[in-house]
Amino acid sequence: MRVTTAAAGVGTLTALALLVAGCSSSPDSAAPGGDAAGACEPSGGAVELTFTTWIPGIEEVVDVWNAANPDIQVTVQTGPNGNGGTYQNFFNQLRAGNAPDLGQIEYDALPNFRVQDGLTDLGACEEVMAAQDLFVDWTWDQVSFGEEGHAYAVPQDAGPMALFYRQDLFEANGIPVPTTWAEYAAAAEQVRAAGGYITNFSQSDVNQFAGLVWQAGGTWFANDGEEWSVDLAGPESTQVAEYWQDLVDRDLVSSVPPWTSEWDNAYNTGAAWTWVSAVWGANSIASGAPDTAGAWAVAPMPQWEAGDAVAGNWGGSSTAVFRGTEHPYEAAKFALWLNTSDEALTLLNQGANLYPATTAGADLPALADGVEFYGGQAIYDVFAEASTQVPAGFTWGPTMTQVYADVSDGFKGAVSGRGTLLEALEAAQESTVSTLRSQSIPVAG
Amino acid sequence: MTRTATPPPAPTFGARRRRVPVPHKRAIAFFVLPFGTLFALFYALPVGYAVWQSLLVVEREGTFGPAREVFGGLTQYAQVVQNGPFWASVGRVLLFGVVQVPVMLALALVFALLLDSPLLRGKRFFRLAFFVPYAVPGVVAAIMWGFLYSPRLSPFAAVTSRVDLLSADVVLWAIANVVTWVYVGYNMLIIYSSLLAIPTEVHEAARLDGAGQVRIAWSVKIPLVMPAIVLTTVFSIIGTLQLLAEPQVFRSFSSAVTSTFTPNLTVYSTSSVPNFHLAAAFSVVLAVATFVLSFTFLKLTQKKGVQ
């Protein structure tokens with residue numbers, strides 16, 4: 001009796017598996033080819049679109065659109081648990097075939113979504129292609145993957161980096177504001193002598209490190225159309241890793257886990273004096289360290305060579321139209337308005353400190369004002385300049401979630417004395433290549 | 001599974017017949033249907049789907065070519081076998097379980113015996129007080145303990161700034177403490193309810209024979225609640241192998257918790273690559289390991305019972 005029940009159970013499971021297999025294989029085989037740009041025709045009649053994003057206060061911006069466009073109504077959905085949770089949701093929804101029409105995707109995640117065949121090529125949408133010149137060059141590179149006549153999303157904002165520093169503490173201790181990385185290391189010694197840490201090395205948000213490599217002129221991935229190449233431990237990455245390893249070894253930087261209350265506390269109590277961060281970081285400091293209002297200022301990022309003017313980029317996102325939308329034309333139209341109109345860009349900046357990806361965005365009246373938290377400094381002037389100094393051509397890989405997790409695992413060990421930052425990058429180099437292989441993504445090396 | 005699926009043979013008196021027709025077949029089918037449907041939809045079907053997914057591999061052409069899923073046999077399982085971090089995480093939770101499960105269940109047993117003994121006052125208060133942590137969602141508990149452990153923000157910063165409870169050597173046991181805190185009351189309640197089911201005559205007989213409370217607990221109560229202890233042990237083994245929420249929360253606090261700290265965290269990280277097929281293979285292996293461990297434990301304890 002028992003044996004037969006068990007056999008029946010196995011039989012049922014097998015039958016179910018086959019049944020499921022039958023269901024699952026159909027949408028995949030029906031998936032459109034990756035390169036062919038689909039049609040981009042108006043649907044005619046009233047259209048309803050869904051848009052999933054985590055940008056705070058974006059509902060107000062969309063309300064403005066909805067009031068002006070009764071025929072294209074957009075509903076905002078909020079993703080769970082910030083960007084990471086939202087991406088996980090997107091991947092699951094794409095697999096299940098019920099993704100929203102539009103989604104918020106950072107530049108570093110776009111290749112991941114494209115390789116999973118999740119994005120609609122907007123190359124056939126004339127209005128989108130005509131808007132190319134409105135955007136800062138490198139942001140357009142990110143959404144077109146450098147391919148002429150294609151666009152897989154519309155750039156929204158950028159994250160040009162600069163140096164946030166405690167002006168009061170630097171002045172009181174007679175420390176000059178560093179303009180090169182060598183000066184920054186020297187200042188780190190003085191800050192440590194004064195009882196603080198010059199900054200906090202980010203052990204788990206690898207994006208900041210990537211921004212530093214970007215500034216140094218490195219790139220982690222390249223795609224020649226035939227295959228990917230991975231270069232996590234190239235000369236520029238090595239230079240940046242060794243620089244920070246030295247500061248970690250000499251206990252000149254702290255290593256509080258980023259985005260925690262401990263981390264906020266380090267800035268709020270004056271334990272950490274600077275942060276090399278992106279434009280949206282202005283918001284993070286103001287909300288995480290409210291007791292230090294008025295004491296901060298922003299200067300250009302330290303340079304590797306004195307006299308250079310190169311900035312890194314950390315973050316920035318795009319509005320993508322997902323595969324499977326029935327209304328690519330209307331979705332693209334909304335995405336363009338959201339990311340190019342003065343009206344929307346001003347609201348996005350006021351609500352979420354987003355810095356526009358358009359060249360004209362730098363001249364928005366809202367960005368010319370002094371910011372109270374930064375002692376009235378017109379901080380966006382610094383970022384406007386940095387925005388034009390970000391090198392083009394930095395390429396993200398198709399499995400960045402895995403790259404970040406693996407590099408971060410190694411960085412965590414390095415700041416607790418197990419291994420080095422460079423070894424972490426070398427280990428991640430290997431695991432990244434094998435992850436690409438396991439996904440049958442052609443890769444060199 | 002076998003027990004529920006096999007209808008007990010109807011008692012027969014007199015005539016000895018091999019096969020007895022099952023009466024009320026339709027009624028049985030009717031009553032089993034709701035369970036059967038839900039079981040098939042939300043248990044068997046997802047398990048079958050995971051098994052199927054784990055047998056696929058992805059093929060594509062070009063750097064951005066769309067993925068084609070093809071049957072790959074045991075390719076993903078070969079990957080699982082070669083995956084060092086996964087097996088390291090299995091070793092980690094086994095070590096965790098060997099230490100944490102006995103400690104937690106010993107505490108639960110002691111608390112249950114105390115609640116059941118006539119010596120203790122304020123039983124209702126303690127019963128609730130021990131159980132309350134289980135009512136706190138696991139993630140919230142982990143965040144709360146994360147703050148308590150934090151070197152600078154903890155109310156016990158005098159201790160935590162000297163002994164880093166979130167460092168590589170200690171963090172596993174810091175997590176063990178959280179898990180114990182949450183689940184002691186739950187296990188205590190299962191054992192306690194089993195203690196309540198012991199007829200009072202048994203206690204009285206032991207007392208008349210001159211046994212004290214400790215002796216009664218050791219020689220009468222514990223043997224009688226053994227099935228409950230075995231049950232909680234099996235639950236705990238399963239829970240240990242499936243640790244996810246606590247280490248996931250601690251990842252943001254501690255530099256010692258990596259993305260492959262426990263097997264389930266490895267599954268989660270793999271599925272967010274997204275590499276659903278390898279994640280499915282990890283899950284299947286983990287499920288099989290859990291079954292094997294649980295049933296081995298059951299078999300061992302059953303043999304003991306026979307002796």
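Visitor: How do strand 6 and strand 10 of chain A pair, parallel or antiparallel?
Guide: In this predicted model, strand 6 (residues 161-166) of chain A pairs with strand 10 of chain A in the antiparallel sense, over four bridges.

Visitor: What does A:Phe164 stand opposite?
Guide: A:Phe164 stands opposite A:Val298, which is in strand 10 of chain A.

Visitor: What holds strands together in general?
Guide: Strands of a sheet pair through backbone hydrogen bonds, and the pairing is either parallel or antiparallel.

Visitor: Back to chain A. What is the order of the strands in that sheet?
Guide: The order is 9-6-10, three strands in an open sheet with antiparallel pairing.

Visitor: Which strands stand at the edges?
Guide: Strand 9 (274-278) and strand 10 (296-299) of chain A do. Each has a single partner strand, so one side of each has no neighbour in the sheet.

Visitor: And how many degrees is the twist?
Guide: From one strand to the next, the twist averages 30°.

Visitor: Which strands does helix 12 of chain A lie across?
Guide: Helix 12 (residues 281-288) lies across strand 6, strand 9 and strand 10 of chain A. Its direction is at about 135° to strand 9 of chain A.

Visitor: New topic. Where is A:Leu336?
Guide: A:Leu336 is in helix 13 of chain A, which covers residues 328-340.

Visitor: Buried or exposed?
Guide: A:Leu336 is buried, because 20 other C-beta atoms lie within 10 Å, and the cut-off for buried is 20 or more.

Visitor: What does A:Leu336 touch?
Guide: Leaving out residues up to four places away in sequence, A:Leu336 touches A:Glu127, A:Val128, A:Ala131 and A:Val154.

Visitor: How far is A:Ala153 from A:Leu336?
Guide: They are 183 residues apart in sequence, and 9.7 Å apart in space, C-alpha to C-alpha.

Conventions: Residues are numbered from 1 along each chain as its sequence is written. Chains are lettered from A and ligands numbered from 1 in the order in which they are written. This is a predicted model: local features need pLDDT of at least 70, side-chain atom pairs count only at pLDDT 80 or more; totals for chains, interfaces and linings use all residues. Helices (H or I, at least four residues) and strands (E, at least two) are DSSP runs, numbered from the N terminus. A residue is buried if 20 or more other C-beta atoms lie within 10 Å of its own, exposed if 12 or fewer, and partly exposed in between; C-beta atoms are placed from the backbone. Two residues are in contact if their C-beta atoms, placed from the backbone, lie within 7 Å. Two strands pair if DSSP finds at least two bridges between them. Axes are lines fitted to C-alpha atoms, for helices over the stretch in contact, and angles run from 0 to 180 degrees between N-to-C directions.
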